[in-house]
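Dear colleague,

I am passing on the structure below, together with some notes on what I found when I went through it. Please read them with the coordinates open beside you.

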Amino acid sequence: MPSTEKPLSSTPPLQQALTALALHAETLIQTERERDWMPLMRNKAFDLSVHDDAKDTELKAYLDAAERRLQKGNVYRAGQQLQATESVFLLDGMVKLGESNVIIGQPKVGKSSFSTGLIAALRDRVPQFLGRDLSMPNERMPVLVFGTDQSEGDWLHLLRRESLVAEDQTLKADSVDFFCSMETGEQYNFTKDGIRRMREEIEKHQFPLVIIDSLSSMMEPTGIEENTSRYAQPIRNAISQLRKTGATLVVIHHSVKRPTTWDWITECRGSSSISSVFSWGVLMRWVAQEEDGLARIDKRVGFAGKGRGGNESGGVMGQYMPEGGWTYLDGLEEAQKVERAGQRIMELGGVRASVFDYLTLRTGLNADVSVEELATELDKQKGHVSRELRALKAKGLSIPVRAEETGSRPRIYWMASPAAMEWCLGGSEPGSNRSIGSLSIESIKSNKSNSQDNTGVLPPNSIDPKTKVQIRRGDEWANGFIVRDGTDPDKISVEKIGSPMVTISNLRWELDVRPCQPEPVEAQPTDSFDF
């Protein structure tokens, strides 16, 4: 009698084929180029007769799943010891050793010059770079430059200025171990094939410094839009792979055109997901935001670092010299105060703006002001003026400098704060750090006089707009201003040439403002010529 028992069920042929396809994806990832993965997956699906069931979307999912299986992270249980070590700085407050660092900077601010300057500092084993301690490894630190953002000719200019190449344009063995420029962008990038090639080069060296300039050029072959959240995934894959080599990564990226803060996360160009990839970043930007289209006068550059958990480093201020090399100028705190003061000044309006204008006028003449004088000048009640002065003090724009005994309540005299005056009078220009024209911070704090001089000069009926003038700064006259409003010679308004947002009001003709004076001409010898 035939048996009525059913045979044990086996895996369906379709499921077996799909399992084989998933295993084949792992093999491809480990042995083949990324550009060949999809064609080989299609061939395998056809050989297994599942090409109608596994379309490109499913094949891509198999490849992604295989990558995740092959790139497992460490998992720890209670009582097990973590393998990682706490990061330390290679360049104090700027570049972390063995980590992924991002340098965010304005266009043409000197991001590539910073990287070549750092390479030169490591080669010369100097104890400090840009005023920060440089931790020198016991052995020479190899250097690799993936400079796919610029042509070889542009890079040669930077490399030569830091003496990283010899006279015959040969890379110096003690400076750079590997270099590639824009022309190699198809070979080295943040596609899977490009990352694999980069890792192969990096693994030839022990704990190297790797400069990647720039992020956008590395990401361009991926075809992903910079403003989408998907933009971060190839960056995350690249950093995960390259960090396994023990390298210190310095990735250069662009900021927005005109940064308004000193936070690289806020000023990073593109998707906000980019900032989530890096544990440490530095913002490079001009200290003074000058007008576009004009030759830059102030070439000071500020550097401000920030990491996860609000971990920040005090900023530094430096300048790249025409002959090459960075020079350290000062800390960034004073420049940041001036910028904050400028932002608050631009928000002023109404009576408060009038109080501030008069305060800066008198402070520029090295004179303090009482509440009574301000109330009389502005035709306001003393209580109203007092409230405005206190509000300006809370914003860091005014300071009380002395008190005069009156027999009852002391009379307080005020001046504009040093940061406010530095912003108003163009103190962000080179060489004016911590000073206001010829009026120093110390002189403001120690000033004991309230100048009310009057020379009795009869002013003209009006002054033509756009007239080039000088304004008084302490005991000196400063050029660089034009008349904005000269209808009332006792309340002239001027603006700084090239920076129309910087204005000074309530100036008096011949006392606080006067026509530009001709420069004295030095006699030249007639028997020598310079050509």
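Of the contacts in the protein with a separation of 6 or more, 62% are accounted for by residues 24 or more positions apart. Please keep in mind that this is a predicted model. The protein has 531 residues, 47% of which are buried, and its secondary structure comes to 15 helices and 23 strands.

The part I looked at in detail is built around an open sheet of three strands, in which the order is β14-β16-β15 and the pairing is antiparallel. The edges are taken by β14 (369-370) and β15 (398-404), each of which has a single partner strand, so that one side of each is left without a neighbour in the sheet. Between β15 and β16, the latter covering residues 411-416, the antiparallel pairing runs over six bridges, and within it glutamate 404 has arginine 411 of β16 as its bridge partner. Helix α11, residues 350-364, packs on this sheet and touches β14, β15 and β16, with its direction at about 85° to that of β16.

The next helix to consider is α12. Its buried residues are Val371, Glu373, Leu374 and Ala375, and these pack against α11, β14, α13 and β16, which ties the helix to the elements described above as well as to α13. After α12 comes aspartate 379, which has a positive phi, near 60°.

The crossing of the two helices, α12 and α13, is right-handed. On the α12 side the contact is made by Val371, Glu372, Leu374 and Ala375, and on the α13 side by Lys382, Val385, Ser386 and Leu389. Sorted by class, the residues in this contact of α12 with α13 are five nonpolar, one polar and two charged. Val371, Leu374 and Ala375 belong to this contact and are also among the buried residues of α12, whereas Glu373 is listed as buried and Glu372 as part of the contact with α13.

Note on methods. Residues numbered from 1 in each chain as written. Predicted model: local features only at pLDDT ≥ 70, side-chain atom pairs only at ≥ 80, totals over all residues. Heavy atoms only, no water. Left-handed = near helix turned anticlockwise from the far one by under 90°. Helix = DSSP H or I, 4+ residues; strand = E, 2+ residues; numbered from the N terminus. Contact = heavy atoms within 4.5 Å. Nonpolar A, V, L, I, M, F, W, Y, C, P; charged D, E, K, R; others polar. Pairing = 2+ DSSP bridges. Axes fitted to C-alpha atoms, helices over the stretch in contact; angles between N-to-C directions. Buried < 20%, exposed > 50% of the residue type's maximum accessible area, 1.4 Å probe, protein only.
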